[in-house]
Amino acid sequence: MPASLKPTTRANPFGAPFVAPIREVVPGSPAARAGVVAGWSLVRVNERWVPDVLAYRRELARGAATLDVCDESGERSVRFEVGWEDPGLEFDEVIFDGLRLCANKCEFCYVHQMPKGFRKSLYVMDDDFRTSFLYGSFVTLTNLGEDDVQRILDEQLSPLYVSVHSTDEELRADMLKWWRLKVRDRRSTRIRDMLERLAPIDLFTQVVAQPGRNDGAALDATIADLVAYPNVQAVAVVPVGLTEHRRNLPAVRGYSEAEAADVVDRVEAWQARLLRERGSRLVFLADEFYLVAGRRLPEPEAYEGFTMLENGVGMVRDFLGDGLDALALPDGLAAPRRVLCVTGALFAPVLRAALAPLAGIAGLELEVRALVNRTFGAVTTVAGLLAGRDVLTQVRPREADVLLLSPSMLKYGTETLLDDRSLSDLRRELDMVVAVGGRDLCELAEAIVYGAEGGRGPQFGYSTHAVKEAAGRP
Ligand code: SF4
């Protein structure tokens, strides 16, 4: 469910500064019985403005609520009451008073490195604690006022997902570069203070690591600080993401093999120590570090339930599962079949190796192709940031019978790629079957061998991009 940048305003008889547009009214519900229809707006609950669905639910949780609703013109209003019964209202959005934007200008910000021309939602600099609670998006906390902190505590908005980057306050300030005029309360920029003030709230934290900036000894110090807070549930260390569209931005570079290996060594040392002392690793590494360092991925149990999966932590291991051992592969196909799988340069070698057992199937011609990201630049190697144009410029019409895309290339729950091209567009332009490969290795192998077009392959998977899209985030 998306969240608008601006408050949703509409004429209403109560003078409310924002309203909640109603997408759907459940038939037979109290709202339907009161004559409310889709397109109207919720204005007040218990005579209070409702800034988001959290506030809406909070009022309903009191057990008796009076709802004021008005029609599109704002001329007609209806008041109805509910007890514990759900009113039956579905909303267009989850935030009604406008999404909280970030107060920062991080040197590694992905939004600042986006090429022009993509859908607007990809440029939104969301730093809203409410979407963090609702969808698990990471926030820096630097835009909070005292009222926000109090609300988080009063309403137990737990867990939250917090971008820490460094517990060295000076280094963090230099990396985030917040706008002083956008910061409502100076205390919110001090990460240690915030971690303490939010002591009753479970926090999943992340460190976006930059080579030579906040890694090395600085990373050790940050991990040491973070794991000392009882409310910190996990620390994800992820590498800085770069594109070739960094005009007029500070120089930031990606990880070399040796630098990535150093991060792996440090984090694995912490994991071993914390596992011994606390019974949990607490600190987890994004897959990219292992792939860039050429290191073997950890076993599934090392991810302890994959709690940071959407942050690229354990996605590859989760996808590979137990490999293809449990799958009964045929010796040959009834009809010859050319299958082309496309993915990002980072994952392609892993996928090629994982699909090697299919090489012996007679009649199957399989290729795993690493697409160069011409949209963001070759420096961007993850599959989730490949656009339709990258496929169209690197796959020739009819060069295979079936083209399988990585699920992370699609906007979640749709057949739409990053540049708004659809699978149908690709099918038409390439004149071949185009489908999505599968959520795990076995499903992908089944799609390759038996045919995704037959409906055996699933249509959607997940990715950080996909999850954020689902949440209406960039
Ligand atoms: S990385 Fe996030 S917090 Fe930093 S400037 Fe970009 S949107 Fe804001």
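Residues are numbered from 1 along each chain as its sequence is written. Because the model is predicted, local features need pLDDT of at least 70 and side-chain atom pairs count only at pLDDT 80 or more, while totals for chains, interfaces and linings use all residues. The protein chain has a mean pLDDT (the predictor's confidence in each residue, from 0 to 100) of 91, with 95% of its residues at 70 or more. Over residues 454–474 pLDDT stays under 50, and the model has 66 contacts beyond four places in sequence for this stretch; a contact requires C-beta atoms, placed from the backbone, within 7 Å.

An automatic or database domain assignment divides the protein chain into domain 1 (20–91), domain 2 (111–319) and domain 3 (326–461). The C-alpha centres of domain 1 and domain 3 are 45 Å apart.

Helices (H or I, at least four residues) and strands (E, at least two) are DSSP runs numbered from the N terminus, and two strands pair if DSSP finds at least two bridges between them. Strand 1 (residues 20–25) is antiparallel to strand 2 (residues 41–45), with which it pairs over 2 bridges; P21 has S41 of strand 2 as its bridge partner. Strand 1 also pairs in the antiparallel sense with strand 6 (residues 89–91), over 3 bridges, and V25 stands opposite L89 in strand 6.

An open sheet of 4 strands has the order 7-8-9-10 with parallel pairing. Strand 7 (160–163) and strand 10 (283–285) are at the edges and have a single partner strand each, so one side of each lacks a neighbour in the sheet. The twist averages 25 degrees from one strand to the next; axes are lines fitted to C-alpha atoms, for helices over the stretch in contact, and angles run from 0 to 180 degrees between N-to-C directions. Strand 8 (residues 203–209) and strand 9 (residues 232–239) are paired in the parallel sense over 7 bridges, A209 having P239 in strand 9 as its bridge partner. Helix 8 (residues 257–278) lies across strand 8, strand 9 and strand 10, and runs at about 150 degrees to strand 10.

Notes: Two residues are in contact if their C-beta atoms, placed from the backbone, lie within 7 Å.
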